[in-house]
Amino acid sequence: MPSKNFIEYAILLLFKDRNDHFFSFLIFSFIVFILSSVLFISDSLQYDLIQSIKSHPQIVVENMRAGRAYEMHDGYVYDIMQITGVSNVEGAVDGYYYFAQKRVWFHVIGDAHLAKDEMVIGQGVQKEMAELYYKDVFHFLNEERMIAVKIDKIAPKGTNIISNDAIYLNPNTARAVLGMEMDEYSKLYVTVPNPNEVSEIALKIVQLYPSVKATSQADAIGAVRHLYYYKGGIFMILYVIAMVSFFILLKNQVGLVYGEKKKEIAILRSLGFCIKDIITLKFIQNAVVSISAYLLGVAGAYIYVFMANAPYLRNIFLGSELENSVSLTPVIDLNLLFLIFLFGVIPFLAFVILPAWKIAISDMSEAVKS
Amino acid sequence: MSKILIQNLHKLYNPNKPNAFYALKNINLIVENGEIVILKGVSGSGKSTLLSLIGGLSKPSEGKILVNEQNIAKLPDIMSSAFRHQEIGFIFQSFNLLEGLSVYQNILAPLALTTLSKEAIHENVNRAMQLANIEHKKDQNVGSLSGGERQRCAIARAVVMNPQIILADEPTANLDKENSLMFIEILKKFKLLHKTVIIATHDILFDDLDCIDRCVHMRDGELVE
């Protein structure tokens, strides 16, 4: 364990050479900032989507034929209710409405709490409608007629992750907008009180109607996790590329700096610093640089993502046609932060300490003479 | 008591290579405690190499260097560094100061390896600065010092650990006459403090000085009488 005097002197020498360390500090900070931002955004969106899935019943049933969604009638509801273990089946109306004037799709969701002539819209929808002066009433067009619906409320910003492109309508109005018959549903929500029976009941539903897709909560959560799974994603590749590039730059820079620092190391050796002391000195200095760069990067990412709502980067993850001013829920995965630390700080220290060690073990007598 | 005993010392550079050469050949020398010895000789005669070996900065190819009856040529790095830290003070021709630091911070460097209190450190640095007559420049960056001041800063750093042995390699080569005379005054202080001093130089200023005990001549890596 180095003494307090030694640590203080190492820091003193670090500040003396702060310009030499500035470049690596800046680049490393930036890489940690980008990586942490990506992880924070993906974790936050993942968390919100999973919370949203958890708020629904245990199984979602959709009718798929040849890869396309088809409606389901009351008969499906009745048959599924007969399966032992199912406590409730609720039909839902859900589909997409194409707003041709702006060339965007709105997500239409049936909500039995709303009156036939009123609707609640997401903030992204409101913005698109307002640009064409639909501020109080909007006119939906289907194949036969025009349906006027009053804009009753705007969904709160906190729900933007799911409501930004959504229009909540009375189910019958939604059916009319989407061109569905009155006894038809686009989704069925199946409530199963016993969690151990969920997968078996999902299988029974598929056996009953081979064309349907019965997605359990666990499957839906798994799909969300898979979507944001950083290791398999492009961000892991970007991470590797960024780190490799950084370490190549760092190696070149360290080579240049240590070429100049050879004399300084030789002077310290002549004053009684042993090889271990030189390595400890460089370790302390570069630990200060890399850990402070890491902390700055993580803190910067936290501010950028959770306070400034990740401008520019957010839309890459949301993938919506509409501009979404979603508020990201602060969710921090400490394991991932530790991984960034492990794969960032440790190689950083290795890259800078090895050249110092090489110099420290060389014959110092020539270096102190020059 | 730091008596230095050198026996059959050889230093071969680039061994097993076509450009191999002996920088030192069969050196035998005794320096008594408190003695001030001048190593004289032209450039390339091996004076600096001998100082490096005595100070443990490099290892001999053959032979012994006994300081206090301990063969420092055989010490592992951690022990030879500790020996250098405790027993040796180096003064170089090019001063070898840590650029960008103040005089005080330069003199502080060897004390970074100690666990002394702030007060003790401050006391040691002040004592060294007084001995080298540089305390009035203590907060000044070494980059802005004159050659003589830089040399005095280097001397203060060399003595801050209160070593028994001072090794000076061409200490006046980069100094004007006035500063060289000032160095000789400091050398006299070393004599009074009973330090063992070995100076490698070809400066005639050191000829016939009262404080010098002995002058040893070197040529082509060998001692000559």
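**Entry 1: Glu87(B)**

I started with Glu87(B), which I found in helix α2 of chain B, residues 77-87. I was working on a predicted model, and I keep that in mind for every entry below. Is Glu87(B) buried or exposed? I counted 20 C-beta neighbours inside 10 Å, so Glu87(B) goes down as buried. I then looked up its separation from Arg157(B). Glu87(B) and Arg157(B) are 70 residues apart in sequence, and their C-alpha atoms are 13 Å apart in space.

**Entry 2: α5 and α6 of chain B**

I stayed in chain B and took helix α5 (residues 147-159) with helix α6 (residues 177-192). Their axes come within 10 Å and cross at roughly 20 degrees. That angle makes α5(B) roughly parallel to α6(B). I noted the crossing as right-handed. Which residues make the contact? From α5(B) I listed Gly147(B), Gly148(B), Gln151(B) and Ile155(B). From α6(B) I listed Asn179(B), Met182(B), Phe183(B) and Ile186(B). Sorted by class, this contact has four nonpolar and four polar residues, with no charged ones.

**Entry 3: chain A overall**

I turned to chain A and went through its elements, which come to 13 helices and eleven strands. The C-alpha trace spans about 95 × 50 × 35 Å along its principal axes. I checked the radius of gyration against a compact globule of 370 residues: the globule would be near 21 Å, whereas chain A has 30 Å. Of the 370 residues in chain A, 36% are buried. I also looked at contacts between residues at least 6 apart in sequence, and 83% of these join residues at least 24 apart.

**Entry 4: α2 and α8 of chain A**

Next I took helix α2 (residues 18-54) and helix α8 (residues 217-227) of chain A. Their axes come within 10 Å and cross at roughly 165 degrees. The crossing of α2(A) and α8(A) is right-handed. On the α2(A) side I wrote down Gln46(A), Leu49(A), Ile50(A), Ile53(A) and Lys54(A). They meet Gln217(A), Ala220(A), Ile221(A), Val224(A) and Arg225(A) in α8(A). This contact has six nonpolar, two polar and two charged residues.

**Entry 5: α6 of chain A**

How many of the eight residues of helix α6 (residues 171-178) of chain A are buried? I got seven, so the helix is largely enclosed by the rest of the structure. The buried residues are Pro171(A), Thr173(A), Ala174(A), Arg175(A), Ala176(A), Val177(A) and Leu178(A). I looked for what covers them, and the cover includes strands β4 (94-99), β5 (104-110), β7 (137-141), β8 (146-154) and β9 (166-169) of chain A. Just after α6(A) comes Gly179(A), for which I noted a positive phi of about 75 degrees.

**Entry 6: chain A against chain B**

Last, I looked up where the two chains touch. I found 24 residues of chain A in contact with 29 residues of chain B. Which helices of chain A each supply at least two residues to that side? I listed α1 (4-16), α9 (234-270), α10 (275-307) and α13 (365-369). The residues on the chain A side divide into eleven nonpolar, six polar and seven charged.

Definitions and conventions
Residues numbered from 1 in each chain as written. Chains lettered and ligands numbered in written order. Predicted model: local features only at pLDDT ≥ 70, side-chain atom pairs only at ≥ 80, totals over all residues. Axes fitted to C-alpha atoms, helices over the stretch in contact; angles between N-to-C directions. Helix = DSSP H or I, 4+ residues; strand = E, 2+ residues; numbered from the N terminus. Left-handed = near helix turned anticlockwise from the far one by under 90°. Contact = placed C-beta atoms within 7 Å. Nonpolar A, V, L, I, M, F, W, Y, C, P; charged D, E, K, R; others polar. Rg over C-alpha atoms; globule rule 2.2 N^0.38 Å. Buried ≥ 20, exposed ≤ 12 C-beta atoms within 10 Å, placed from the backbone. Parallel < 35°, antiparallel > 145°, perpendicular 65-115°, else oblique.
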